[in-house]
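Try each task before you read its solution.

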Amino acid sequence: MPVRIRTALLPFATLPLAACAGRQSALDPQGLQSEQIFQTFFIFLIVAAVVWIAVVTVLCVGMLRRKHGADRPLALHQSFERTSGRIVFVLGLATLVVVLGLSIVSYAGQRIVFAKDEHALTLKIIGHQWWWEVRYEDDSPDRSFVTANEIRIPIGQPVKVELETADVIHSFWVPSLTGKMDLITGQKNELQFTAKNAGVYRGQCAEFCGLQHAHMAFAVFALSPDEFGRWRDHENQSASSPADPLGKQGEQLFRARGCALCHAIRGTLAGGQLGPDLTHIGSRTTVAAGTLPMSSATLAAWIADPQHVKPGNNMPKMPLQSDELIAIVHYLEQLK
Amino acid sequence: MSIAAEQHALRDDGLNGLQLSTRLESIWRTPSGFLGALMSVDHKVVGRRYIVTSFAFLLLGGLLAVLMRVQLARPENTFLSADKYNQIFTMHGSTMMFLFAVPVMEAFAVYLVPLMVGTRNLAFPRLNAFSYWMFLFGGCFLWISFALNVGPDVGWFAYVPLSSLQYTPTKRPDVWAQMITFTEVAALAVAVEIVVTVFKQRAPGMTLDRIPLFVWAMLVTAFLVMFAMPSIMVASTSLILDRLVNTRFYDSSSGGHSLLWQHLFWFFGHPEVYIIFIPGTGMVSAILATFARRPVVGYPVVILSLIATGFLSFGLWVHHMFVTGLPQLGAGLFTASSMLIAVPSGLQIFCWLATLWDGRPVYRTPLLFVVGFIVIFVMGGLSGVMVASVPIDTQVHDTYFVVAHFHYVLIGGAVFPLIGAVYYWFPKITGRMLSEKLGRWNFWLAFVGFNVAFFPMHILGLIGMPRRVYTYTADMDWAHLNLLSSGGAVIFALSFALLLVNAIRSLRSGALAGDNPWDASTLEWATSSPPPPQNFDRIPVVKHRDPLWLDSASLPVVAGLSVERREVLLTSLAEAEPQIREGSPEPSIWPLLTAIATTVFFIGSIFTPWAVLWGTPPMAVTLIGWFWPAGSKEDEE
Ligand code: HEM
Ligand SMILES: [Cu+2]
């Protein structure tokens with residue numbers, strides 16, 4: 001089907017479905033690829049609806065039809081057998097034609113969705129049970145940094161994410177921007193997408209990856225190119241040292257109590273690699289991969305007993321006094 | 001047996017009427033008492049057990065489904081923990097696929113195929129008994145593990161590396177993998193029996209183009225089982241080897257690959273869906289012909305569609321793997337081949353519609369379920385066409401859209417026909433009718449409940465709800481639709497409770513059925529209800545596709561089978577011309593003992609590799625007992 005007709009149909013598609021807009025919805029596309037997929041879906045939907053209505057109509061008419069003639073099972077009419085044979089044959093052919101047509105529509109959509117752009121902004125995403133490592137890599141090492149669970153991208157520019165996993169299979173999925181792609185052990189996959197509008201889009205792991213699969217969300221912030229540049233410059237910097245005594249105490253405790261075995265904070269001695277990088281954690285919007293909204297209370301709740309918030313996750317409960325907890329939370333909060 | 005003994009043997013042409021019946025009954029009946037019951041090799045006894053057991057697993061699996069729906073009815077519900085939820089959805093999927101859907105279809109075949117092709121037992125009755133015991137023990141093993149809190153929790157698809165020792169160090173995936181082997185042994189055994197029975201034991205005159213459509217469907221299914229199941233057995237055995245003795249089939253870090261699992265699994269997993277659906281179509285054809293009061297339009301078209309569906313189903317597995325990063329062009333081709341399967345499915349639907357159109361339908365409960373099947377299954381098929389498209393699949397894969405889609409296909413395509421089949425064949429199997437009034441309630445509860453439960457899931461998937469999540473937050477806007485869906489699930493579950501009530505009531509006090517209460521056309525209705533142990537006093541001769549409609553007064557029969565020992569008549573493959581008389585095995589305890597030995601072996605091997613050593617002698621002994629050449633009765637005398 002020509003692109004023009006598809007675009008012409010689009011407004012009708014959005015009417016009944018507008019109610020379904022959401023932060024994580026394939027029905028409310030905000031990116032080039034998701035829009036293309038939605039159009040393909042819409043064509044399929046129309047065809048499916050027509051076919052289903054036709055079948056059910058024939059079924060109902062067939063059931064209600066007044067039937068004449070003998071009531072004997074084997075009193076068949078030669079003429080009916082012949083015509084019905086022909087009709088079935090023609091319908092079979094029609095099915096074939098429809099199916100081939102839809103295959104072509106699908107393939108055309110697929111070409112666009114998976115088109116590659118050489119100049120895409122490239123980042124690497126590594127799945128962990130149950131959080132996301134996000135690496136912004138650059139040719140010069142001092143322009144590279146690592147963050148977690150939140151991805152910022154510029155609108156209007158193609159973004160390429162390289163997908164790898166540190167453990168089991170996960171799946172990267174931001175329905176508002178594009179379809180999903182798995183992160184597979186021993187394999188590198190990639191996915192390209194372009195956000196059209198600024199906004200925050202939720203994403204979630206879509207492949208069952210163990211106990212806390214339900215709590216493996218992330219957020220994509222689509223920013224204007226200027227904003228994105230500013231954010232990148234800021235994020236690139238190491239963590240600033242706390243000025244106040246409580247913060248200083250927190251920084252020390254972070255190392256002394258073992259947090260730094262797993263977590264890294266750039267610019268400090270904390271260099272653990274097992275858990276999320278916490279360099280700018282104070283500026284993130286959620287705790288524990290979308291499990292809780294970020295606040296000092298939720299941060300404290302998490303550190304005090306991670307197994308209560310997200311049972312079975314890989315962060316152990318650390319033995320902390322309550323004043324130690326307060327200091328650490330205070331320190332982390334100001335890592336903006 | 002020596003020639004001389006053969007000449008002395010008493011044949012049925014010398015006997016008549018009651019005398020013949022009693023004679024045959026005494027040699028074909030299952031020995032009495034508890035031990036006798038354990039020894040039974042009668043396909044009807046085994047088939048009945050098979051049916052009841054698989055329905056018990058349906059109820060258990062359904063119970064788990066309701067628990068899941070309770071958990072998901074509200075956001076951030078704490079009814080189930082993450083651990084319990086993961087076990088429950090794994091158990092639900094595994095139970096429904098391996099312990100209900102495939103076995104129940106084979107169970108109906110075990111009961112019906114010999115009756116429908118006009119013979120006295122399946123080709124390998126002891127293998128059949130063994131198959132049932134393996135199925136029973138495998139299912140109990142899985143459920144006992146679940147009760148002991150070592151039930152599998154990595155999904156019914158058990159993807160590596162999550163199911164590897166490294167990421168799931170408990171025994172749970174081992175339990176899952178061994179259960180697969182159990183049930184596949186059972187499924188393969190039944191498949192072999194069906195193929196041989198249909199090819200070699202059809203009544204004289206039942207040429208290939210006179211075989212009832214249900215039997216055709218089961219024949220195609222049996223071939224699918226034989227080609228698909230080995231793939232999952234290879235997959236699960238490699239998995240358990242990786243886990244127990246450190247092989248590296250799936251370990252990407254040392255030369256294996258995690259995607260190997262997915263290829264092997266889906267090469268089985270896709271045909272699996274057709275293994276469930278094709279028997280459903282056979283049931284639909286049988287019911288439709290009887291209640292539309294005319295043969296199904298386009299008999300050859302339906303058969304060719306069945307065969308084409310069977311073939312095509314093997315070329316589609318990759319559509320479960322569109323988002324694993326396969327080469328794009330290949331994925332595109334799998335889109336086309338997946339959609340192609342709509343053509344044979346469509347042809348069958350058109351034939352059924354034409355049958356209803358021209359028939360003079362009698363709307364009894366079985367036919368209602370067939371009508372419900374068409375409405376629901378067509379929708380599931382169409383959402384299947386959507387899922388087959390690569391771009392659409394990248395959005396809906398692993399979301400509730402897919403959960404909706406495959407329940408439309410599985411429940412619409414298999415469970416609705418199956419419940420119809422229960423109403424249809426209950427009188428034959430038990431001799432009593434199910435209540436028509438409760439039947440109607442049953443249908444409407446099922447139809448409404450099903451759609452309310454599963455239709456909203458399409459939308460949930462599109463608005464972003466992934467599957468296999470045990471909870472979600474209120475701000476995701478999924479709460480209302482989930483609540484609706486859970487309500488529907490409860491209604492749907494009630495419909496099964498009603499079926500149970502109906503069955504129990506009818507067993508006690510249902511109206512007597514008589515031989516052929518629906519005035520149907522196929523041979524199983526030519527015997528009394530329930531059929532006697534020998535099925536037919538004399539093997540019928542078939543001259544028409546609908547023998548009971550053509551020769552309703554009296555079927556022509558062949559005579560000359562022994563009345564002193566169990567004998568079946570073998571016929572030629574295509575034309576079904578009588579070839580020879582062949583002995584049929586006596587009841588035996590050995591299949592049960594072999595199954596017990598095999599069970600010990602399988603379960604033991606989870607805990608210690610040494611089980612392979614000490615587990616084999618008992619199996620060998622029981623197998624020797626099973627195959628010990630028995631002297632024929634004449635020789636002993
Ligand atoms: C009372 C009827 C049923 C209800 C309410 C129901 C509900 C569900 C739900 C909610 C899930 C999704 C679990 C999740 O992704 O978290 C599910 C999965 C599944 N269902 Fe059902 N179901 C029913 C009957 C059946 C039947 C009859 C079959 C097969 C013949 C079946 C086969 C499956 C399979 C294979 C899965 C996938 C399990 C997995 O993801 O590992 N279900 N069901
Ligand atoms: Cu994940």
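**Exercise 1. The interface**

How many salt bridges are there between chain A and chain B? Describe the contact around them as well.

*Solution.* Keep in mind that this is a predicted model.

Step 1: Start with the count, which is three salt bridges between chain A and chain B. One of them pairs B:R294 with A:E81, with 2.8 Å between the closest N and O atoms.

Step 2: Look at who takes part on the side of chain A. The elements that contribute two or more residues there are α2 (32-64), α3 (78-113), β7 (178-183) and β9 (199-204) of chain A. The largest share belongs to α3(A), with 16 residues. By type, the side of chain A that touches chain B splits into 43 nonpolar, 27 polar and 11 charged residues.

Step 3: Now take both sides together. Chain A brings 81 residues to the contact and chain B brings 88 residues. Between them they bury about 7,000 Å², and 69% of this lies on carbon and sulfur atoms. Across the interface, 22 residue pairs are in polar contact.

**Exercise 2. A bridge between loops**

Find the salt bridge partner of A:R23 and say what the pair joins.

*Solution.* Step 1: The partner is B:D475, and the closest N and O atoms are 3.2 Å apart.

Step 1: A:R23 sits in the loop between α1 (3-17) and α2 of chain A, while B:D475 sits in the loop between α16 (436-462) and α17 (479-509) of chain B, so the pair joins two chains.

Step 2: Check the accessibility. A:R23 has 38% relative accessibility and counts as partly exposed; B:D475, at 45%, also counts as partly exposed.

**Exercise 3. Bridges within a chain**

*Solution.* Step 1: A:K160 and A:E190 meet through their side chains in a salt bridge of 3.9 Å, N to O. The pair links distant parts of the chain, since A:K160 is in strand β5 (residues 159-165) and A:E190 in strand β8 (residues 189-193) of chain A, 30 residues apart.

Step 1: Is each of these two residues buried or partly exposed? A:K160 has 18% relative accessibility, so A:K160 counts as buried. A:E190 is partly exposed, at 29%.

Step 2: In chain B, the side chains of B:E436 and B:R364 form a salt bridge of 3.4 Å, N to O. B:E436 belongs to helix α16 and B:R364 to the loop between α12 (342-358) and α13 (365-387), so the pair ties together parts 72 residues apart in sequence.

**Exercise 4. The build of chain B**

*Solution.* Step 1: Chain B has 21 helices and two strands. Buried residues account for 66% of chain B.

Step 1: B:H92 is in helix α5 (residues 82-117) and counts as buried at 12% relative accessibility. Beyond residues up to four places away in sequence, B:H92 touches B:G61, B:L64, B:A65, B:M68 and B:H407.

Step 2: B:D174 is in helix α7 (residues 172-200) and is buried, with a relative accessible area of 2%. Among the residues in contact with B:D174 are B:R243 and B:I606.

Definitions and conventions
Residues are numbered from 1 along each chain as its sequence is written. Chains are lettered from A and ligands numbered from 1 in the order in which they are written. This is a predicted model: local features need pLDDT of at least 70, side-chain atom pairs count only at pLDDT 80 or more; totals for chains, interfaces and linings use all residues. Side-chain values use heavy atoms; hydrogens and water are left out. Contact means heavy atoms within 4.5 Å. Buried area is the accessible area (1.4 Å probe) that two parts lose on being put together, summed over both. A salt bridge is a side-chain nitrogen of Lys or Arg within 4 Å of a carboxyl oxygen of Asp or Glu. A polar contact is a pair of N or O atoms within 3.5 Å; within protein, one must be able to donate a hydrogen and the other to accept it, and residues adjacent in sequence count only if both atoms are side-chain atoms. Helices (H or I, at least four residues) and strands (E, at least two) are DSSP runs, numbered from the N terminus. Ala, Val, Leu, Ile, Met, Phe, Trp, Tyr, Cys and Pro count as nonpolar, Asp, Glu, Lys and Arg as charged, and the others, Gly among them, as polar. Buried means under 20% relative accessible area, exposed over 50%, partly exposed in between (1.4 Å probe, protein chains only).
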